[in-house]
Amino acid sequence: MITGRCRCGAVSYEIAIEQLPPVYACHCHICQRATGSAFSVQAVVREDMLTVSGPILVREIPTEGRVSAQRYCGECFARIYNTNSARPGIAVVRGGTIDRSEEVVCSAHIFTNYKQGWVTIPDDVPQWGEAAPPSDFIAALLGG
């Protein structure tokens, strides 16, 4: 079981998997602004494997015919995860909320055309200047 929590601890979660999930980094301007950092780090998991407890606030953001439902802690407002109507059954968990986050492995980088100049991505890690083709992206995350 993988566990995680928000900054203040009011929201916690469990992911019904044994090993830490692979994560990816997104360097787009939206993620930079949402995190106040150079990129966001996220893990893709099946939504039915994620159990969340605590005060969650949901903000639905419509974009290009889809709806992204962002989940935040109702106390400290840390962003925990989101779902998207374009990807039913998938939850995108914020990598920094995972307990043992220092052990996660970044398996891919997307929207690198917008990355900060001081960020260096190892040559052996897949990267795309914009969005990755879905099959290539999944293969990069799953190691195949």
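**Close-up 1. The aromatic cluster of Y24, W128 and F137.** In this predicted model, Y24, W128 and F137 form one aromatic cluster, where rings of Phe, Tyr and Trp (its six-membered ring) are paired if their centres lie within 6.5 Å, and planes under 30 degrees apart count as stacked, over 60 as edge-to-face and the rest as tilted. By this rule the count comes to three aromatic pairs. The rings of Y24 and F137 have their centres 4.9 Å apart and their planes at 80 degrees, so this pair is edge-to-face. The pair links distant parts of the chain, since Y24 belongs to strand 3 and F137 to helix 2, 113 residues apart; helices (H or I, at least four residues) and strands (E, at least two) are DSSP runs numbered from the N terminus. W128 and F137 are also edge-to-face, at 6.3 Å centre to centre with 70 degrees between the planes. Both Y24 and F137 are buried, as is W128, where buried means under 20% relative accessible area, exposed over 50% and partly exposed in between (1.4 Å probe, protein chains only).

**Close-up 2. The two sides of helix 2.** Within helix 2 (residues 134–142), F137, A140 and L141 are buried. These residues cover an arc of only 95 degrees around the axis, which puts them on the same side of helix 2, the arc being that of the directions from the helix axis to the C-beta atoms. On the other side of helix 2, S135 and L142 are exposed. The buried residues of the helix pack against strand 3 (23–26), strand 4 (40–46) and strand 10 (106–110), with contact taken as heavy atoms within 4.5 Å. Just after helix 2, G143 takes a positive phi of about 75 degrees.

**Close-up 3. The lining of the largest pocket.** A pocket is an open set of points on a 1 Å grid over the protein atoms alone, where a 1.4 Å probe fits, with protein on both sides within 12 Å along at least five of seven lines; lining residues have an atom within 4 Å of a point. The largest pocket is lined by 39 residues, of which Y24, N82, N84, R87 and V92 lie nearest its centre. Helix 2 gives the most to this lining, with five residues.

**Note on the model.** Residues are numbered from 1 along each chain as its sequence is written, and side-chain values use heavy atoms, with hydrogens and water left out. As the model is predicted, local features need pLDDT of at least 70 and side-chain atom pairs count only at pLDDT 80 or more, whereas totals for chains, interfaces and linings use all residues.
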